[in-house]
Amino acid sequence: MRFQGTDRYVATDDLTMAVNAAATLQRPLLIKGEPGTGKTLLAEEVAQALGMPYFEWHVKSTSKAQQGLYEYDAVSRLRDSQLGDERVHDIGNYIVPGPVWRAFESQTPPVLLIDEIDKADIEFPNDLLRELDRMEFHVHETQQTVRAHHRPVMIITSNNEKELPDAFLRRCFFHYISFPDRETMERIIDVHFPDIKSTLVREALEVFFGLREMPGIRKKPSTSELLDWLKLLLAEDVDPEVLRESNREKTLPPLFGALLKNEQDTRLFERLMFMARRRQQG
């Protein structure tokens, strides 16, 4: 089975090669790239394309590696003991499997997403090394060992918020999703809006890439934000000429709040456009 992209997900040759290489090596695929470039969606699309079960673990700043394996629900056990529930005598009733456990139990090879691993504590990745290497872990409360029926196709995403440990990186196949060029972006837009006018796409991309290239911008608009903006432009039936005019007159484009997400970037844009208009007039 080889991943070639899907009808909903435009994957470059480099990305499909990375997915298939990681699967061949049976190593986790570590994906980095700007927010909004489709890192999280990739795992779901791989599972759909290859007909594999899909499990996901969205990491938070408070997440611990143990939670991906299982959690012991001591609060429920205490409550049941106070109510005299017979279930309290079997501690296994209070062991809650995590996404890694559920993926290990899959009867067919699954896809497991560990999303935004860099949000957690720096030791979080290292705490998973043994389990990911051996494809098994021990449940201390019940004295059982959980072993994977099949090694998952594991996709791990990172937004580069912090450096990952070298020991963890050695075990991964790495790929950086570069920001789509104009041609790739047109293909992505065509997937999401197959009936959109080419003139609207052309003018929208002029505005979009112009904003991304704006010197000093703090939050560059992403692919997902472009798609949101196009959805709004279509809903409001904005004429492509309006976008062309805003580009020519150096003014904020309509519905710019879908692209610029803070007041500093908005003010920066207005200041740069004011200076550009003065140069044109001079």
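How do the residues of the lining of the largest pocket divide into nonpolar, polar and charged? The answer is 11 nonpolar, 10 polar and four charged. Here Ala, Val, Leu, Ile, Met, Phe, Trp, Tyr, Cys and Pro count as nonpolar, Asp, Glu, Lys and Arg as charged, and the others, Gly among them, as polar.

Before we go further, please keep in mind that this is a predicted model, in which local features need pLDDT of at least 70 and side-chain atom pairs count only at pLDDT 80 or more, while totals for chains, interfaces and linings use all residues. Residues are numbered from 1 along each chain as its sequence is written, and side-chain values use heavy atoms, with hydrogens and water left out.

Let's begin with the empty spaces. Rolling a probe the size of a water molecule over the atoms shows where empty space is left. On a 1 Å grid over the protein atoms alone, a cavity is a set of points where a 1.4 Å probe fits but cannot get out, and a pocket is an open set with protein on both sides within 12 Å along at least five of seven lines; lining residues have an atom within 4 Å of a point. Grid points are joined across faces, edges and corners, and a volume is the space filled by probe spheres set on the points.

The largest pocket holds about 480 Å³ of space. It is lined by 25 residues, and V10, T37, G38, P180 and I188 are the closest to its centre. At least two lining residues come from each of α1 (13–25), β9 (173–177), α8 and α10 (223–235), and α10 gives the most, with four residues. These labels follow DSSP runs numbered from the N terminus, with helices (H or I) of at least four residues and strands (E) of at least two.

Now turn to the second largest pocket, with about 300 Å³ of space. Its lining has 17 residues, and those nearest the centre are M1, A23, T24, M52 and V153. Two or more residues come from each of α1 and β8 (153–158), with the largest share, five residues, from α1. By class, this lining has 11 nonpolar, three polar and three charged residues.

A search of the whole structure also finds one cavity of 30 Å³ or more. The largest cavity has a volume of about 40 Å³, and is lined by Q26, R27, P28, L132, M135, R151, P152 and M154. Five of these lining residues are nonpolar, one is polar and two are charged.

Next, follow the helices. The axes of α8 (residues 182–192) and α9 (residues 198–212) come within 11 Å and cross at roughly 125°; axes are lines fitted to C-alpha atoms, for helices over the stretch in contact, and angles run from 0 to 180 degrees between N-to-C directions. That angle makes α8 oblique to α9, since angles under 35 degrees count as roughly parallel, over 145 as roughly antiparallel, 65 to 115 as roughly perpendicular and the rest as oblique. In contact (heavy atoms within 4.5 Å), R182, M185, E186 and I189 of α8 meet V201, L205, E206, F208 and F209 of α9. That contact has six nonpolar, no polar and three charged residues.

Helix α9 also packs with α11 (residues 240–249), at an angle of about 25° and with the axes 8 Å apart. This makes α9 roughly parallel to α11. From α9, the contact uses T199, L200, R202, E203, A204, E206 and V207, and from α11, P240, L243, R244 and N247. Five of the residues in this contact are nonpolar, two polar and four charged.
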